[in-house]
Amino acid sequence: MNQAPLIALVGNPNAGKSALFNALTGARQKVANYPGVTVERRSGRMALPDGRPIELVDLPGAYSLEPSSPDEAVTRDVVLGRQAGERTPSALVVVVDASNLDNHLRFTLQLIALGLPLVVALNMVDLAKRDGLDIDTDALSRELGVPVIPTVAVRKRGLDELKNAVAGLVGSSAPKAPAAAPAEDIVTLQRRARKIAEAATAAETPIRQFTRTLDRIVLHPISGPIILAALLFIMFQAVFAWSEAPIGWIEDGMAALSDLIATALPDGFLKSLIVEGIIAGVGAVVVFLPQILILFLFILLLEASGYMVRAAFLMDRLMASVGLSGRAFIPLLSSFACAVPGIMSTRTIEDPKDRLTTILIAPLMTCSARLPVYTLIIAAFIPNSTVGPGIGLQGLVLFALYVAGIVGALIVALVIRRTVAKGASGGFMMEMPKYQLPSLRDMAIGLWQRAWIFLKRAGTIILISTVILWVLASYPKVPADSGVKQSEYSIAGRIAKGIEVVVSPIGFNHEISLALIPAMAAREVAVSAIATVYAIDDTADEEVVSQELGDRLKGRWSLPTALAFLAWFVFAPQCISTIAVTRRETNGWKWPMFMVGYLFVIAYVAAGATYWAATAAGL
Amino acid sequence: MRLDQLPLNRTARIASIDWTILAPSEARRLRELGFDEGVAVEALHAGGLIGRDPIACRVGRMTVAIRRAHASAVTVADSE
């Protein structure tokens, strides 16, 4: 059905491939999965200068055609025309970093040997210039025997020339089959690549490296960790501080919508479903969009600027002490946004035991889905006072919850590496890319994709579980004069009674028991579930209905209960998506079951300890 | 001298690499990151107050982070 020629973007990691992809396709992108594997397929449409449409696909970064990860295997299979569900590319755009030709040309030589029509995008020529390196494009093109176009993807330079070159490659004939992978070994290729790079280097002034100077401070054994800690602290404070205004707008919007529907619709099933079920439930989750986006913004900035690998470098020593490597820090940091992409990115960890351990502790990083739960409880129960200049008590409690997750993860990693994943620790070898000013466009596209995924979740998983819960909590209707609460009399209430037996020793009340079931789907559902339950119970009382959820909780939960609830969510594995991705990435049910089991045990113990300690302290 | 003993900010050349003390996957990654006989190397930064591990070194035109244990497989000679 889709007959536009397929052009594949290929290149080493850190060649600026994704930036080039974004620059060429803009927002017209589709993110899907390759069938049978969890590798993302990013594709987009664009028009050639002569008006012909093409489909551009951004392949995962690879060092060579011998894959060491599922991502690299997809890259190999697509360029060889062997990937299921993908057409053979009509042409390749090979992206190389102008200041790193020695290494990137090795992969380029392998790709040229395949015989597909091919153009080299000599990317980041501006950074090469900054480092005193001048590449002779014509000489490089002669040596390689293929067209070479200098580009600066983040500044949109060289794109028209690149499109023209691609137009020249895409003929009317069907794509030809690639030749078998070349037999030349990596050492020979590497040496040839170095020779070509040398021949193409027109001038190399003594290096005046910006990156190196900055690294003196950023990687310094004393200032380095201080900068890292400061960045993380600013990131978590910003999540609270910057989101206040946009959250207010969303809340106002929801309230207006709720009023509008309440007056427009007649009383009855539909009206209460929409107002108490959907708007109260889904709305309670959507208000956290600003916070989630702020968190993702920081992570995207850290990645795109090149700082993330520095953080891994600084963390390597600490990670080594629990049997992991600094590389594990990157998936773990992205797990602060969401454990699912975090677990997927553990694929870059080559050592299987390192990788398994990282997967098992990834859910302990405080993901953005916990933020709705944390912020609701913190805003309701922790006074908004300051404990020092610029340090709010609420922000401090949030910080403590993050720290609890991290410390828990380190301890668990230590135990796992000495028991179920015993063995020698893997190594730490990583390329450290140059620092780069991230482009506004790349950040905007990245954020837009995250926002869309979140809203899609709110519209599907969260909406469905909210509606089911609303129905279960609304029926059967409690008799008018019984004095029993609707949420206790209903079907959901009766199910929750069973759970309450188990969780009441750790301070959980009836509403929490009720919320824990649908929250298995996703943590933030706990908030919408509680919102729905109280909305149903409170319909009789007009005054209370208009209250914010936090104010409703204040009067009903004791402080020890609220704190125990927070402690529970630091550890509890309440996320179907995480369990599913763990199953996929570990090829079976053994490890996801292990993960769920150990996390529930820790969650129960932590919540119980918090509840009893807080009660004993007279809170 | 081995790469892990090379003082910071002194350029040297890789004389030989003992591939046998590295796991096969580590050896390949090291090659992919540009380690090869004859390539210029320079130790740029050392992390951590304890052990000063890992180290960041320039290999050709690339900066690579590597633990001292692996760097010890690389023998370097003064570049002339």
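Predicted model: local features only at pLDDT ≥ 70, side-chain atom pairs only at ≥ 80, totals over all residues.
**Notebook: two chains and their contacts**

The buried residues run from one name to the next in my list, among them Leu101(A), Asp102(A), His104(A), Arg106(A), Phe107(A) and Leu111(A).

**Entry on the interface**

How many residues does each chain give to the contact? I found 43 residues from chain A and 37 residues from chain B. I then looked up the area buried between chain A and chain B, which is about 3,500 Å², with carbon and sulfur atoms giving 52% of that value. I kept in mind that the size of an interface is often given as the accessible area lost when the parts come together.

For polar pairs, I noted that the rule finds 13 residue pairs in polar contact across the interface of chain A and chain B, with both residues at pLDDT 80 or more. On the side of chain A that touches chain B, the elements that give two or more residues are α3 (101–112), α7 (186–200), α8 (210–218), α13 (307–321) and β12 (429–432) of chain A. I saw that α7(A) gives the largest share of this side, five residues. Sorted by class, the side of chain A that touches chain B has 16 nonpolar, 11 polar and 16 charged residues.

**Entry on strands that pair between chains**

I followed β12(A) next, and I found that this strand pairs with strand β4 (residues 62–66) of chain B in the antiparallel sense, over four bridges. Which residue of β4(B) is the bridge partner of Met432(A)? The partner I wrote down is Thr63(B).

**Entry on salt bridges between the chains**

Between chain A and chain B the count is four salt bridges, and over all chains the count comes to 21 salt bridges. One of those between the chains is formed by Glu42(B) with Arg212(A), where the closest N and O atoms are 2.6 Å apart.

Another salt bridge is the one in which the side chains of Arg67(B) and Asp316(A) meet, at 2.9 Å from N to O. Arg67(B) lies in the loop between β4 and α2 (68–71) of chain B, whereas Asp316(A) lies in helix α13 of chain A, so the pair joins two chains. Are these two residues buried or exposed? I noted that both Arg67(B) and Asp316(A) are buried.

Ser325(A) belongs beside this pair in my notes, for it touches both Asp316(A) and Arg67(B), and also Met319(A), Asp354(A), Gly427(A) and Phe428(A), when residues up to four places away in sequence are not counted. I located Ser325(A) in the loop between α13 and α14 (329–334) of chain A. Its relative accessible area is 2%, and because the cut-off for buried is under 20%, Ser325(A) counts as buried.

**Entry on salt bridges within chain A**

The side chains of Asp58(A) and Arg42(A) meet in a salt bridge at 3.3 Å, N to O. Since Asp58(A) lies in strand β4 (residues 53–58) of chain A and Arg42(A) in strand β3 (residues 40–47) of chain A, the pair ties together parts that are 16 residues apart in sequence. I noted that Asp58(A) is buried, and that Arg42(A) is buried as well.

I set beside this the salt bridge of Asp551(A) and Lys554(A), at 3.7 Å from N to O. Both residues lie in helix α25 (residues 549–556) of chain A, three residues apart, which is about one turn of the helix. Asp551(A) counts as partly exposed at 40% relative accessibility, and Lys554(A) also counts as partly exposed, at 46%. I also wrote down that Arg41(A), Glu55(A), Glu86(A) and Arg87(A) are linked in a network of salt bridges.

**Entry on the backbone**

I looked up a cis peptide bond, which joins Asp53(B) and Pro54(B) with omega at about -5°. Pro54(B) has its place in the loop between β2 (40–46) and β3 (55–59) of chain B.

Met124(A), a residue other than glycine, has a positive phi near 60°. Met124(A) sits in the loop between β6 (118–123) and α4 (125–130) of chain A, and it is buried, with a relative accessible area of 8%. For Asn587(A), too, phi is near 60°, and this residue lies in the loop between α27 (576–586) and α28 (590–616) of chain A. Asn587(A), however, is exposed, with a relative accessible area of 70%.

Notes
Residues numbered from 1 in each chain as written. Chains lettered and ligands numbered in written order. Heavy atoms only, no water. Contact = heavy atoms within 4.5 Å. Buried area = accessible area lost by both parts, 1.4 Å probe. Polar contact = N/O pair within 3.5 Å; in protein donor to acceptor, adjacent residues only side chain to side chain. Nonpolar A, V, L, I, M, F, W, Y, C, P; charged D, E, K, R; others polar. Pairing = 2+ DSSP bridges. Buried < 20%, exposed > 50% of the residue type's maximum accessible area, 1.4 Å probe, protein only.
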